Amino acid sequence: NIPALQSLHVHTEADGRIAVVELNHGRVNEMGSAQIADWEVLAAALPKTDICALITTSTKTTRRGTPIFIAGADVTERAEWTDSQVRTHVRRQRAALATLRAVPVFHIVVVDGLALGWGTEFLITGDYRIAGPQARFALPETGIGILPGAGGTSTLPQLIGVNHALRLGMSGEQIDALEAS
């Protein structure tokens, strides 16, 4: 049984053996404290179920129809936070992604839209990553004076190599699905 979550829509398929998370919240599926809490609850609940696979995808689009997977962290909620509060929150983000990565279910991340910042970092949680033709990946944090701290500088290089991670993290440029493969 998956507990009710505030911001993540989860349903099960295949007689309760597959859980599907369909992201569609906020303006651009930004990840803030409420979403981190939901990922923490989901990661804690999954091992206690019969679920053997998790599929994460998005149904979010902009008003112009541009598909969005996750377009970053919710940095607006941090506007009045102290440096210490921001550091604590970033550590929480990193821990939530690491915990989700360690859950003993096969996790498939399906991206067919913008995966910016936290969206690209979220890919570290997947055992298998599928990019559709509209997928775009980037770590634009340095353009606003912050680092991709949820895993873009620590774990992502292990998946895509140091050179590619440095390029994404230092340039902020977007790459498409073909280049990402």
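Three aromatic pairs turn up in this predicted model, where Phe, Tyr and Trp rings (for Trp, the six-membered ring) pair if their centres lie within 6.5 Å. Planes under 30 degrees apart count as stacked, over 60 as edge-to-face, the rest as tilted.

Select Trp-39 and Phe-122. Their ring centres are 5.0 Å apart with planes at 45 degrees, so this pair is tilted. Trp-39 sits in helix α1 (residues 33-45) and Phe-122 in helix α3 (residues 118-122), 83 residues apart in the chain. Helices (H or I, at least four residues) and strands (E, at least two) are DSSP runs numbered from the N terminus. Trp-39 has 2% relative accessibility and counts as buried, meaning under 20% relative accessible area with a 1.4 Å probe and protein chains only. Phe-122 is buried at 0%.

The ring centres of Phe-69 and Phe-122 are 6.0 Å apart and the planes at 55 degrees, so the pair is tilted. Phe-69 lies in strand β5 (residues 67-71), 53 residues from Phe-122. Phe-69 is buried too.

Next, the second largest pocket. Select Leu-123, Phe-137, Ile-160, Ala-180 and Ser-181, the lining residues nearest its centre, out of 18. Colour β8 (128-131), α4 (156-160), α5 (162-171) and α6 (177-180); each supplies at least two lining residues.

Residues are numbered from 1 along each chain as its sequence is written. Local features need pLDDT of at least 70, side-chain atom pairs count only at pLDDT 80 or more, totals for chains, interfaces and linings use all residues, and side-chain values use heavy atoms, leaving out hydrogens and water.

Notes. 1 Å grid on protein atoms, 1.4 Å probe; cavity = no way out; pocket = protein on both sides within 12 Å on 5 of 7 lines; lining within 4 Å. Buried < 20%, exposed > 50% of the residue type's maximum accessible area, 1.4 Å probe, protein only.
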